[in-house]
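I opened this notebook to record what I looked up in the structure shown below. The entries follow the order of my reading.

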Amino acid sequence: MKLIRWGEPGAEKPAVLAMNGEGQEEAYDLSDLTLDITGDFLVAGGIAAVRDALKAGELPVVDVEGQRLGAPIARPSAIVCVGMNYAAHAAESGSEPPNVPIIFFKTPNTIAGPCDTAFIPRNSSKTDWEVELGVVIGQRATYLDSPRQATERIAGYLTANDLSERTFQLEDSGGQWSKGKCATGFSPLGPWLVPADDVDVNNLRLRSWVNGEPRQDSSTADMIFTVDFLIHHLSQYLTLEPGDVVLTGTPQGVALSGKYPYLKAGDTVEIEIEGLGRQRQTFVPA
Ligand code: ZN
């Protein structure tokens with residue numbers, strides 16, 4: 001099943017995509033179960049409640065055809081990002097693969113819907129795409145005992161585009177990347193939040209395209225640090241709250257490599273993770 005939030009920005013409604021009796025995918029309204037898909041919903045066992053309600057046939061069908069989708073999780077307290085978690089991307093960035101996870105932060109107000117209009121920031125000449133596996137935390141994670149325990153704290157996974165401005169990130173930064181990561185709309189999430197039980201997270205194909213031409217094409221199997229390792233590791237340094245999003249790094253094939261031009265107004269970026277859905281953004285000047 002796939003959790004979605006649909007409707008206008010700031011007024012999204014919760015729904016779930018699941019198979020009906022005829023084997024067709026249908027959208028079901030979750031408004032009777034929850035006002036929104038939030039950390040509070042996840043920590044209260046919301047995913048299990050949705051499964052039970054689907055099984056019982058209690059959820060009304062809702063027509064979301066042609067509707068805007070929002071990010072499938074509302075209001076995380078943090079977006080924690082892992083840098084250079086694919087060896088080939090570290091190499092194309094001119095860096096050695098890291099010995100320990102490198103982290104930086106995106107502000108939660110960078111979140112956008114998966115197909116919302118995206119922005120080239122003012123004074124940008126190096127706006128770049130990054131297809132990335134996003135982890136949504138389901139229960140508070142602090143000082144976890146093991147990577148195995150980390151898996152129990154994960155609610156699900158989503159497709160994320162970690163949009164980046166490389167001059168802001170690397171030259172104007174003073175040494176800390178977040179300046180190049182937090183422009184308006186720089187974190188498109190979704191289209192779906194897929195429960196962790198339904199995903200083989202260590203073997204997902206990730207791809208991106210610019211104006212229909214292929215760019216990134218890799219697999220989460222190529223991560224230096226696996227998802228459970230990352231969540232356990234992060235929990236030794238910070239507390240992850242229900243609903244928080246952890247972005248797990250991007251593979252090779254971004255413009256920073258020098259192989260491709262940076263984005264400009266009018267360009268369209270598509271990114272997709274196997275089983276987690278595809279995004280499509282057209283860029284306009286901020
Ligand atoms: Zn990234």
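Is E25 buried, partly exposed or exposed? I found E25 partly exposed, with a relative accessible area of 40%; buried means under 20% relative accessible area, exposed over 50%, and partly exposed in between, with a 1.4 Å probe and protein chains only.

I noted the basis of the values first. The model is predicted, so local features need pLDDT of at least 70 and side-chain atom pairs count only at pLDDT 80 or more, while totals for chains, interfaces and linings use all residues. Residues are numbered from 1 along each chain as its sequence is written, and side-chain values use heavy atoms, with hydrogens and water left out.

**Entry: salt bridges**

I looked up the partner of E25 and found a salt bridge with K2, the closest N and O atoms being 2.8 Å apart. A salt bridge here is a side-chain nitrogen of Lys or Arg within 4 Å of a carboxyl oxygen of Asp or Glu. E25 lies in strand β3 (residues 25–29) and K2 in strand β1 (residues 2–6), so the pair ties together parts 23 residues apart in sequence. Helices (H or I, at least four residues) and strands (E, at least two) are DSSP runs, numbered from the N terminus. K2 counts as buried, at 18% relative accessibility.

I then turned to R140 and E241, whose side chains meet in a salt bridge of 3.0 Å, N to O. R140 lies in the loop between β9 and α4 (147–152) and E241 in the loop between α6 (227–235) and β16 (245–247), so this pair ties together parts 101 residues apart in sequence. R140 is partly exposed at 48%, and E241 is partly exposed at 22%.

The side chains of D267 and K264 also meet in a salt bridge, at 3.1 Å, N to O. D267 is buried, with a relative accessible area of 5%, whereas K264 is exposed, at 52%. I also recorded one network in which salt bridges that share partners join R5, E12, D36, R68, R75 and D116. The count of salt bridges comes to 20.

**Entry: domains**

I read the assignment as domain 1 (2–56) and domain 2 (79–285); such bounds come from an automatic or database domain assignment. The domain centres, taken over C-alpha atoms, are separated by 24 Å. Between the two domains, about 890 Å² is buried, 68% of it on carbon and sulfur atoms. Buried area is the accessible area (1.4 Å probe) that two parts lose on being put together, summed over both. In domain 1, K2, L42 and R51 lose the most area to domain 2, together 46% of what that side buries. I counted one salt bridge between the domains. R51 forms a salt bridge with D198, at 3.1 Å, N to O.

**Entry: zinc site**

Which residues coordinate the zinc ion? I found E130 (OE), E132 (OE) and D162 (OD), at 2.0 to 2.4 Å. Donors are N, O and S atoms within 2.8 Å of the metal (3.2 Å for Na, K and Ca); water is not among the atoms, so sites may look incomplete. The spacing of the donor residues in sequence is E-x1-E-x29-D. E130 is buried at 5% relative accessibility, and D162 is buried at 1%.

**Entry: cysteines**

I found zero disulfides, a disulfide being a pair of cysteine sulfur atoms within 2.5 Å. For C81, the nearest cysteine sulfur is that of C182, 8.0 Å away. C81 is buried at 0% relative accessibility, while C182 is partly exposed at 26%.
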